[in-house]
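The sequence and the model come before the text.

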Amino acid sequence: MWRRCLRLRDVGRRLLNLPRSGLTASEGLGPKLPTPIRAYVPPAERKRFYQNVSISQGEGGFEINLDHRKLRTPQGKLFTVPSEALAIAVATEWDSQQDTIKMYTMHLTTLCNTSLDNPTQRDKDQLIRAAVKFLDTDTVCYRVEEPETLVELQRNEWDPVISWAEKRYGVEIGSSTSITGPSIPARTREVLVSHLASYNMWALQGIEFVVTQLKSLVLTLGLTDLRLTVEQAVLLSRLEEEYQIQKWGNIEWAHDYELQELRARTAAGTLFVHLCSESTAVKHKLLQG
Amino acid sequence: MAALGSPLRTWRGLLRELRYLNAATGRPYRDTAAYRYLVKAFRAHRVTSEKLCRAQHELHFQAATYLCLLRSIREHVALHQEFHGKGERSVEESAGLVGLKLPQQPGGKGWEP
């Protein structure tokens, strides 16, 4: 946790290449606390150091300006995004920070940074393989054998999504109650790999993000194909948790907290994929309409 | 096709979230780039005679997704500040979270300073 906080602080500072300044919680408060061993103090968030956020169109796409400084990625590259809508959404994220900059709420900025910097250094094939690998352990393909009510719930809720995906892509997916999961035919994998290959790098980063959030490629395809809303996909992804909540009760600071975070991340990823993969055919139609 | 409900409902939801976002800065939300963009996009896709227009559905899907993003972030931040943002809780506070109180020892426990 501590290491992550420190890293986040560094990332925030590098965003604008500002000199190191000001005391942070770890430096300022650490040694002076009366009971330093147990008390965990949340890391100090960076102050909002800018007044106005604006967008400008540069050579590589749309850029974000904080006052008169250009926003940069953690690796120091110029922050440029391909779509105007995405730039506006990112600018809105920066503009809606109140007193401090809460990076953990700025999912679209984070996704753009990931796409621009590509910190894991993966190419298109590796991204696609990482996403398709989730099919082996896809949430909606893993079924329980008891209790009977949960078995029925999973069958009623997940089966329609799987059969939709099977029909939409003309493949066989299936489900399994075995610990090793369903055996996915090689052809299914090929079809899905070639489908994902039609997306660009930015959209693929978003798809992989959503897949790892929902732990399901099938649900992610439902989102990219406008078949499921984010709320539905998140509900399906958390089906067993929802079942246990029904049975044992809801805890706000754990269940609701996770639900909202998962929804926010999934929505950000989905929006990112859609905004980064808008085809020219669709745009053409918009102009006519 | 995902069931999205009425576009008007999504639009109202978005306006509400924009108002929340701009409440802190004190500026009217109608001045923001996001508002202008949304107005333009919604106007360009108003229903004509077409019952099911792919582009229109796609825009509505994106709007609903954006609404979900803004709303979830707002609620997540509220929960974060309420429960997770202040650091570690004392034993009394932790007990209070689940509706319990620490037992009282009459005359103290004997080892207080």
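Helices here are DSSP runs of H or I with at least four residues, numbered from the N terminus. The model is a predicted one.

By the rule used, there are 2 cavities of 30 Å³ or more. Helix 2 of chain B gives the largest share of the lining of the largest cavity, 5 residues. Helix 3 (84–95) and helix 12 (252–276) of chain A, and helix 2 (33–44) and helix 3 (54–84) of chain B, each supply at least two residues of that lining. Of its 14 residues, A:Ala85, B:Tyr37, B:Leu38, B:Gln62 and B:Tyr66 lie nearest the centre of the cavity.

The second largest cavity is lined by residues of both chains, including A:Thr229, A:Glu231, B:Phe61 and B:Cys68. Helix 3 of chain B gives the most to this lining, with 4 residues, and helix 10 (230–237) of chain A supplies at least two.

| Cavity | Volume | Lining by class |
|---|---|---|
| Largest | about 210 Å³ | 13 nonpolar, 1 polar, no charged residues |

The largest nonpolar core has 95 residues, and A:Ile64, A:Leu86, A:Trp94, A:Leu108 and B:Leu69 have the most contacts inside it. Domain 1 (47–120) and domain 2 (122–287) of chain A each give this core at least three residues. Apart from neighbours within four places in sequence, B:Leu69 is in contact with A:His107, A:Leu108, A:Ala264, A:Ala267, A:Ala268 and A:Leu271.

Methods: Residues are numbered from 1 along each chain as its sequence is written. Chains are lettered from A and ligands numbered from 1 in the order in which they are written. This is a predicted model: local features need pLDDT of at least 70, side-chain atom pairs count only at pLDDT 80 or more; totals for chains, interfaces and linings use all residues. Side-chain values use heavy atoms; hydrogens and water are left out. A nonpolar core is a set of buried Ala, Val, Leu, Ile, Met, Phe, Trp, Tyr and Cys residues joined through side-chain atoms within 4.5 Å. Buried means under 20% relative accessible area, exposed over 50%, partly exposed in between (1.4 Å probe, protein chains only). Domain bounds come from an automatic or database domain assignment. Contact means heavy atoms within 4.5 Å. On a 1 Å grid over the protein atoms alone, a cavity is a set of points where a 1.4 Å probe fits but cannot get out, and a pocket is an open set with protein on both sides within 12 Å along at least five of seven lines; lining residues have an atom within 4 Å of a point. Grid points are joined across faces, edges and corners, and a volume is the space filled by probe spheres set on the points. Ala, Val, Leu, Ile, Met, Phe, Trp, Tyr, Cys and Pro count as nonpolar, Asp, Glu, Lys and Arg as charged, and the others, Gly among them, as polar.
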